[in-house]
Amino acid sequence: MFRPWMRGTRDCASNLGITRMPKVKSPKPCRNCKASVIFGPYTDIAKCMRCGETFPTGYEDEIRRVVEADCSGSMEYPKAAVARAIGYCSMIYGMATHNEGFTGGKLEAQIGKMGGSNVFNSGGTGEVELINDGAKGRGMVKRGLHDSRTGYLITLVTADRAAKAAGKDFTHIYIVFRGSRSEEGSLNPMAAGFTSDGHNVDYAANFTGRQDKPWWSDRVKIRRGFLELYQSMSDDISNDLLELLKLHPKARVIVTGHSLGAGLAVVCAHHLQYHRALRIDGGGPFCFPFCTPRAGDLAFALDFKARLGEAKLTMPGEGGGVREYNRAVNFVMSNDPVSTEAMYGFKRDRSDDLTGRGTQAANRGFVGKIAYGLRKKVNEEIIFYQTPNLYKLGYFQPLAIHQYSRMQEIFLGTALYTT
Ligand SMILES: [Zn+2]
């Protein structure tokens, strides 16, 4: 049984700062039939047993404080793998918008440069192979929305000769999702994110709220727009992964993305945990999203925590001695309105067009899109939570908020990819 204020995540317990019991809020009268509805303190949405009416219990904020507790003071993450992850997350934008090439070697060179002998295998890094360039694109099939530009990558990284010689053999498979694009003209000449007739697919996904059960679990709910977009890629991804794991049965699998790509990474990692866990050495994938919007309901956040957030696994290829890392770390900026603070933050549903071909939010700047979302009516009964383990990176200047270039500077030492 989950009692949020009595125990935190295993790794964040010291950071919770929550010692008092919240005021008891149960029972409450059903707002429809007035029957008395009893609920526990770990419930965010109560349901009337007589008429079926649902309503928020008032415990949401306390639950959120625990589920979204900041783990940054107490959690280690695998530095080389996370550096690669943000590198790929950034590289994929230029590939999609400007036809830039895949430059995994450049990324490995930077990783070799940045860490020094204790962190990155005495400079020995990886050999890189691009397995899937996402050339089939992605879309929202039911609505006839298809974006033909690169929406995800799968890469295979194996230890190079120097790393092997240093006794640091490793094999990693990265599954990388692109974030949303809505710029036009010189910023996005290949029209990534758009259909051939000019509808923005990414923002159709971002502004499609509601929560749906995914096809792999009846217990959890996921943001509809992310689920729809992920569905267009999921078969190819899990088939490619299966083929790779036949050749590399000991490979670590790392799922990552920035922004919308981070939301998709969270969804994909949960799917693979259910669908491919028996094939993945160590019991399932790692998930390292950056600047993620909230992707699912409370049950999803808790299921993710139990299956990925609390699971620990070694990451071959890291410097220093062998150690275990939590399989999910969720990297956010403390003042990013997409992930954490402010009124927006995808905390509750503010849906736009639920079934149509897009949204007017697309052709606006970052602040304009947030403002557009804030104009939409809040649905108090559809509540989203971040997946654990939230790793807050601090507060950033307005121009650096939500930027993957800033994330590269933090994890990769420099903004290697800026397109
Ligand atoms: Zn009722």
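H275 is placed in helix 7, which covers residues 260-275; helices (H or I, at least four residues) and strands (E, at least two) are DSSP runs, numbered from the N terminus. The model is predicted: local features need pLDDT of at least 70, side-chain atom pairs count only at pLDDT 80 or more, and totals for chains, interfaces and linings use all residues. Residue numbers start from 1 along each chain as its sequence is written.

H275 counts as partly exposed because 17 C-beta neighbours lie inside 10 Å. On this scale a residue is buried if 20 or more other C-beta atoms lie within 10 Å of its own, exposed if 12 or fewer, and partly exposed in between, with C-beta atoms placed from the backbone. Not counting residues up to four places away in sequence, H275 touches W216 and S238; two residues are in contact if their C-beta atoms, placed from the backbone, lie within 7 Å. The C-alpha atoms of H275 and W216 are 7.5 Å apart, although 59 residues separate the two in sequence.

The contacts of helix 7 with helix 6 include both H275 and S238. In helix 6, F226, L227, L229, Y230, S234, I237 and S238 meet G263, L264, V267, C268, H271, L272 and H275 of helix 7. The axes of the two helices come within 10 Å and cross at roughly 50 degrees; axes are lines fitted to C-alpha atoms, for helices over the stretch in contact, and angles run from 0 to 180 degrees between N-to-C directions. Helix 6 and helix 7 are therefore oblique to each other. Angles under 35 degrees count as roughly parallel, over 145 as roughly antiparallel, 65 to 115 as roughly perpendicular and the rest as oblique. The crossing of helix 6 and helix 7 is right-handed; the near helix is turned from the far one by less than a right angle, clockwise in a right-handed crossing and anticlockwise in a left-handed one.

Helix 6 itself has 24 residues (224-247), which at 1.5 Å a residue should span 34 Å, and the 34 Å between its end C-alpha atoms agrees. The expected span is 1.5 Å times one less than the number of residues. Helix 6 also bends by about 45 degrees at M233, the bend being the angle between axes fitted to the seven residues ending there and the seven starting there.

A second pair is formed by helix 2 (residues 79-98) and helix 10 (residues 404-412), which pack at an angle of about 155 degrees with axes 9 Å apart. That makes helix 2 roughly antiparallel to helix 10. Their crossing is left-handed. V82, A83, I86, G87, C89 and S90 from helix 2 meet Y404, M407, Q408, F411 and L412 from helix 10.

M75 lies in the loop between helix 1 (60-67) and helix 2, and counts as partly exposed because it has 18 C-beta neighbours inside 10 Å. M75 and Y391 are 316 residues apart along the chain, with 8.1 Å between their C-alpha atoms.

F300, in helix 8 (residues 298-309), counts as buried because it has 26 C-beta neighbours inside 10 Å. Leaving aside neighbours within four places in sequence, F300 is in contact with V220, K221 and I222. F300 and I222 are 78 residues apart in sequence and 7.2 Å apart from C-alpha to C-alpha.

Over the whole protein chain there are ten helices and 19 strands. Of its 419 residues, 50% count as buried. Among contacts between residues at least 6 apart in sequence, 71% join residues at least 24 apart.
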